[in-house]
Amino acid sequence: MEKIYLYNTLSRCKEEFKPIDDKLVGLYTCGPTVYNFAHLGNLRTFLFEDLLKRTLVYNSYQVKHVMNITDVGHLTGDMDMGEDKIESGARREGKTAWDIAEFYTQAFLQDLNKLNINFPDIWCKASDHIKEQIDLIKELEKKGYTYITKDGVYFNTSLVSDYNKLSHLPLEELKEGARVEKNPEKKNPTDFALWKFSLPVGLRQMEWKSPWGIGFPGWHLECSAMSLKYLRNNLDIHCGGIDHINIHHTNEIAQSESATGKKFFNYWLHGAFLNMGNGKKMAKSGKNFVTLKSALEDKNIDPLAYRFAVCQVHYRKMMEYSLKSLQQGQNSLNNLRSAVAALGEELGEVDLNFQMKFKQVINNDLNIPQALALLSQVLKSKIKDKDKKATILDFDRVLGLDLGKVEKKQEAIKPWGSKIEGFNLKLTKKIVELLNKREEARLKKDWTRADKLREEIISLGFTLEDITEGQKIVVKNHE
Ligand code: AMP
Ligand code: ZN
């Protein structure tokens with residue numbers, strides 16, 4: 001098996017990936033908090049995790065993938081203060097907390113489907129694992145890691161000597177961050193709730209009995225309880241967005257390792273943010289977040305154009321949202337699909353040389369942007385068309401861009417309003433140049449030159465029509 005290198009947040013280094021089991025990889029990805037639609041930022045993280053999983057599968061690993069659904073316990077303050085996000089969603093929409101969780105879980109599944117994100121093997125809801133969470137608190141209590149305050153059962157972080165090993169931040173800084181949410185009863189600012197009491201009982205929709213009082217589990221607990229339940233012997237990779245490093249994942253590690261006395265996951269991978277286009281993180285609590293529906297479907301853009309745009313940026317680099325990048329993603333995707341379609345129906349052999357290079361780039365901490373560049377090289381290479389097709393479709397097992405999809409009419413809308421149908425990658429540059437020149441000539445009312453350019457375009461195998469928004473060209477042999 002070829003070597004895979006992954007950047008591990010624990011060591012802040014690219015490390016050779018060695019799973020506990022030879023063939024099987026345990027993968028836990030923190031799932032959505034289902035009180036609203038997922039935004040493109042959340043989906044960027046889920047796309048990165050999908051690319052990771054597909055890379056492991058491409059390397060012949062069997063992957064056991066577990067994803068949680070947070071349907072209780074995630075408070076608006078991200079730590080232990082504020083309202084439960086699901087309960088506040090229920091109030092906002094006048095529905096029950098259970099209905100809200102179910103509705104947004106279904107919406108999330110649809111988003112994953114549209115983005116060709118493969119489903120995990122195990123979905124687990126926090127509210128279905130209350131017993132496991134209570135058992136974990138009991139274990140921590142037995143070992144002396146907990147204390148009780150008026151509002152809940154807390155974990156004493158001062159008893160964990162390597163509490164900052166994931167964040168690599170000085171303890172003082174972590175404490176400073178935690179001080180934002182004041183709770184005078186906490187022994188240390190970084191301590192966090194394992195169980196919160198319902199105050200008063202009956203006000204919340206989701207609450208359960210526990211040995212300490214009626215209430216609900218703290219947010220971090222669910223991921224520890226469920227990953228230990230489903231991946232106990234395969235604690236290989238744990239993922240999420242970078243916002244999870246300092247609090248959520250730090251606390252997961254502290255409570256899990258204190259309870260089991262063993263290392264909790266060997267590799268921690270984190271995806272960088274999608275920003276709003278102004279350097280600010282896209283957030284569900286912010287006003288301006290965009291969803292798959294609002295940013296793409298309502299504008300007739302294929303959701304996979306977003307997958308393409310995400311593939312263009314390495315997962316550890318910040319990415320800025322813009323409508324233009326989605327439109328460009330759509331154009332590039334259309335071009336690629338047309339180029340693949342133009343290779344013919346026949347499927348040859350995967351080119352082993354290109355396959356080796358592809359593996360090298362994806363195994364180098366998921367260098368998907370470089371994998372896309374390699375794909376262009378395959379198209380330009382001298383190998384047989386049918387082998388090009390087989391090689392590209394093989395790459396698509398990881399990229400997930402449906403590159404074999406043939407669209408009868410593919411439209412690429414150019415900024416100046418011309419429409420190009422049946423776009424063919426090889427002709428793109430030349431034809432766009434000619435169209436631009438002709439547009440210029442038409443604007444100057446230089447009809448002789450415009451006609452000459454029309455003839456040149458037609459001679460390349462296109463038909464050309466002038467329409468109100470500009471020029472429309474159609475590749476004849478695609479009709
Ligand atoms: P949530 O639904 O808020 O629990 O988040 C689901 C996932 O999305 C988590 O892994 C977060 O770290 C991640 N996430 C949240 N905001 C962004 C963003 N703007 N860009 C990338 N990932 C994000
Ligand atoms: Zn989690």
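Call a residue buried when its relative accessible area is under 20%, exposed when over 50%, and partly exposed in between, using a 1.4 Å probe and protein chains only. This is a predicted model, where local features need pLDDT of at least 70 and side-chain atom pairs count only at pLDDT 80 or more. Side-chain values use heavy atoms, with hydrogens and water left out.

Start at the metal. Cys30 is buried at 7% relative accessible area, and His248 is buried too, at 1%. Together with Cys223, they coordinate the zinc ion (ligand 2) through SG of Cys30, SG of Cys223 and NE2 of His248, at 2.1 to 2.2 Å. Donors here are N, O and S atoms within 2.8 Å of the metal (3.2 Å for Na, K and Ca), and since water is not among the atoms, sites may look incomplete. Along the chain, the zinc donors are spaced C-x192-C-x24-H. Cys30 sits in the loop between strand 3 (24-29) and helix 1 (40-58) while His248 belongs to helix 7 (residues 245-260), so the pair ties together parts 218 residues apart in sequence. Helices (H or I, at least four residues) and strands (E, at least two) are DSSP runs, numbered from the N terminus.

Now over to ligand 1. Its polar contacts are pairs of N or O atoms within 3.5 Å. An oxygen atom of ligand 1 lies 2.5 Å from a side-chain N or O atom of Asp243, and a nitrogen atom of ligand 1 is 3.0 Å from a backbone N or O atom of Gly41. The protein covers 96% of the 500 Å² of accessible area (Shrake-Rupley, 1.4 Å probe) that ligand 1 has on its own.

Methods: Residues numbered from 1 in each chain as written. Chains lettered and ligands numbered in written order. Polar contact = N/O pair within 3.5 Å; in protein donor to acceptor, adjacent residues only side chain to side chain.
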